[in-house]
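Trainee: Can you walk me through this one? I would like to start with how the strands pair.

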Amino acid sequence: MVRLGASLAALALLATPAAAKGSGMKIQEVTSPGGIRAWLVESHANPLIAMRFAFRGGASQDEPGKDGVAYFVTAMMDEGAGDLDSTAFQEREQALAMRMDFDAGRDVMLGSLQTLTANKDEVFDLLRLAMAKPRFDEDALARVRAQILAGLKFDENDPETVASIAWDKLAFHDHPYGRPVKGTMQSVSAITADDLHNYVRRVFARDKLVISVVGDIDAEELGKALDKIFGDLPEKSELAPVADANPTLGPRREVIVMDVPQSVAQFGLRGVSRHDNDFIPAYVLNYIVGGGGFSSRLMEEVREKRGLAYSVYSNLYPYQHGAVFIGNVATKNEAVARSLTVIQDELGRLADEGPSQAELDSAKAYLTGAYALRFESSTSIASQLLWIQIEDLGIDYVKKRNALVEAVTMDDVKRVAKRLLAPDRLLTTIVGKPVEPAAVAGQGAPG
Amino acid sequence: MSVAAVAAEEVVPERVSEFTLANGLDVVVIPDHRAPVVTQMVWYKAGAADEPPGSSGIAHFLEHLMFKGTDKIPTGQFSKIIARNGGEDNAFTNHDVTAYFQRVARDRLATVMEMEADRMVNLRLTPEDVKTERDVILEERRSRVDNDPGSILQEQMMAALYRNHPYGIPIIGWEHEMEELTREDALSFYHRFYAPENAILIVAGDVETDEVRALAEKTFGKIPRHGEHVKRVRPQEPEHDAAVTVTLEDARAGRTTVQRYYIAPSYASAKPGEAEAIDLLMRIAAHGATSRIYKRLVVEQKVAASAGGWYTDSGLDSGRVGFYAIAGAAHTDEDLERAIDGVIAELRETGVTQDELNRARASQVAEFVYNSDSISRMARQYGWRLAAGMSVEDVEEWPDRLKQVTVDDIRAVARKYLVENDSVTGILKPVPEYTSSIGNKPAQAAGNGKS
């Protein structure tokens, strides 16, 4: 046997990692000559620039009956703009080694751009063109529509996706959050170029825009670039108001039969919104429940002790108009009822007793220590800074954030556990062929 | 158009360094001081292709069991200790390697290095740990393979592509063999392959070489050599005398899909320059919306909703290339197969254009630059190559070697490797047609809210 000196067990109790105390990263607030604002972290170590931006709006701006428009737009953004048809645009993108992506969230339309410094002028211009002058040509539209429909066809047979869509529908009904982001076979079949143009005109506007940039560019040059890229967009958005939603609670279990050996269950409850005073305690609690991988209760009880699943986890989704707490487990059909019972018991135990002091200390040690890992690369820094802006947390949030986590007390977590974890109100969708019927006590209750 | 190629030369500002400890452990240090964090990876030159016959899945099973405990780490505490130190950890297994990694603040490197060195030789497994974890890997198999007809077909295609080489055996294992895996199987694989002279340590991030050397000598350096030479001798593939077609009809298939695999060399097994040519061939042929297969099948002929392909370039003994096409609503597998054959024939006969090569090369070389933005991606980029026996120079000179590839080189590898007898065609058909519940009408939804 090899001797390694110090006892490893002792190493578990060290103080806060150095990186958690801040890396001296400097965030500049840049305002362009034309008044467009962005956060910038300059870094000239690599000849690269990463940009992330978002327009508030997202898929919840899909008009009723037109589910999937925002998602359709994201798939069309490199299909031609200005004088360039789709092939010309895409060949240009490739020659410039440009990386451009759009993604439709519930509340935001997200954009991402990466470029080599050497190509930045041409790349910025192509991004401008894509947003200000999209073509949405008929043949490109037909092609992308066929791709989205094929994707939906695959999704129909993906247990996790089916469970998630069904859950949203049960929780949010006809609210935009209850509708599928990618749309349905029916809605996508009916989407027209006009629908896409309308969406872009309403949502891609400067008043709802936030931007973060990291990399090989200085503030002055970025200011000019911002005007160039975003200056052609309308000043004002035309967003439809989205009502606040109060997700329906259970107890309710819905089984959707699919011929697969392993069932996937999504379970959830109401969450905590980002600006609720309980958000940070809830975030710490979620780590203990199911957000912390092998350090979480659900992983310990379901996987480590019982071998019932490969994956089991939970997350907070603080949507702008209705927050939820959602968990997921994949387990063989014979073990679905047992897994869900274990999960329900564990949520109940945490609601009644709270976590142990050791669990709380470990959660805070991880969450504060690992925060620095989110700032490893230009793209990850840009993404962090973007979400801080989307959630309106302030430019000093990176500096404040670990102190907010440190300040969470046992009383906070116990209070939030009681508020959040209501095992008798779980809303659960199960996709597969669970062997035991999904019995739950009591009738589904309106929220 | 070589703007990207020029930029690539400006990267790698600090030299990557490598050295070998007295016990044979290779160490590579990739300094990057932008953020006060480090990635540690240990790559064992052992994977699923090194398993004894009948024990498929043991390499991956052992990877799971490595998180259980040692004399110093109580059962189930490994990842929890990493997490309490503000770190993230995980591992992965493929046919040729098993790799373990942690991402931590720089001042925690000593801790994770001590832990990783400890479990290289001091793994302790209880029968209960093994039994429970075996249920977990069986669930993992259900998630990754059995629940997904596309994955089932891929598994069958790999088995057909490699008639003799163990690359045909799934990394996760065949279910009936996984069910029988024991603690002794795991420990026997562990004792055979987990040794300093059969591993590579990569540390990337906010560190200096001397610091890593001192830490590595204090931890891994204390482990004696295994002694006996670890040999990786795998049954090799015979020449193939016929193409194979595998058809899977599955109600869950979604859309008809056709895939085509060819055996091709990997970077490690190729003659000089061939892998680079295959890399660019596949980027031109099958990567994204500007690719040949996409243009022909999706844009022009409109038989496919989507089409693309890939090159698996990291194998020790062999690599492979693949093409796929997903049928449009009104097209059949015959339509797709004919169209794929057309693309292959065109690549073999007329090759690619200089313009296609220039664009593909710009974007391929840029990948190298983009990877330099992330220390964990850098660690992986080096790890894959070094574990397959290549050198640090091989990795660093890769963009230069890409620049030397000509259109003639690409046509030559297309003719040499896109050969029918070395191919397997996989067809996935949604039969009988299945209507499920997404959208407005939950056609197959049963037991509505049973309560």
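Mentor: Take strands S9 and S13 (residues 427–432) of chain A, which pair in the parallel sense over six bridges. Two strands pair if DSSP finds at least two bridges between them. Strands (E, at least two residues) and helices (H or I, at least four) are DSSP runs, numbered from the N terminus.

Trainee: Which residue stands opposite Leu427(A) in S13(A)?

Mentor: Arg252(A) stands opposite Leu427(A). Before going on, note that this is a predicted model: local features need pLDDT of at least 70, side-chain atom pairs count only at pLDDT 80 or more, and totals for chains, interfaces and linings use all residues. Residues are numbered from 1 along each chain as its sequence is written, and chains are lettered from A and ligands numbered from 1 in the order in which they are written.

Trainee: What is the order of the strands in the open sheet?

Mentor: In chain A, five strands form the open sheet in the order S9-S13-S10-S12-S11, with mixed pairing. The edge strands, S9 (252–257) and S11 (312–319) of chain A, each pair on one side only.

Trainee: Which helix packs on the sheet and touches S11 of chain A?

Mentor: Helix H11 (residues 297–304) of chain A does, and it also touches strand S12 (322–332) of chain A. Contact requires C-beta atoms, placed from the backbone, within 7 Å. The direction of H11(A) makes about 150° with that of S11(A). Axes are lines fitted to C-alpha atoms, for helices over the stretch in contact, and angles run from 0 to 180 degrees between N-to-C directions.

Trainee: Switching to chain B, how many residues does helix H5 have?

Mentor: H5(B), residues 127–146, has 20 residues. From first C-alpha to last it reaches 27 Å, close to the 28 Å expected at 1.5 Å a residue. The expected span is 1.5 Å times one less than the number of residues.

Trainee: Which residues of H5(B) are buried?

Mentor: Among them are Val130(B), Ile137(B) and Leu138(B). Buried means 20 or more other C-beta atoms within 10 Å of the residue's own, with C-beta atoms placed from the backbone.

Trainee: And what covers the buried residues of H5(B)?

Mentor: The cover includes S10, H11 and S12 of chain A, together with H2 (58–65), H7 (175–178) and H8 (183–193) of chain B.

Trainee: One last topic. What joins S4(B) to S5(B)?

Mentor: A hairpin, through four residues. S4 (residues 88–93) and S5 (residues 98–105) of chain B pair in the antiparallel sense over six bridges, and Asn90(B) stands opposite Phe101(B) in S5(B).

Technical notes: Contact = placed C-beta atoms within 7 Å. Buried ≥ 20, exposed ≤ 12 C-beta atoms within 10 Å, placed from the backbone.
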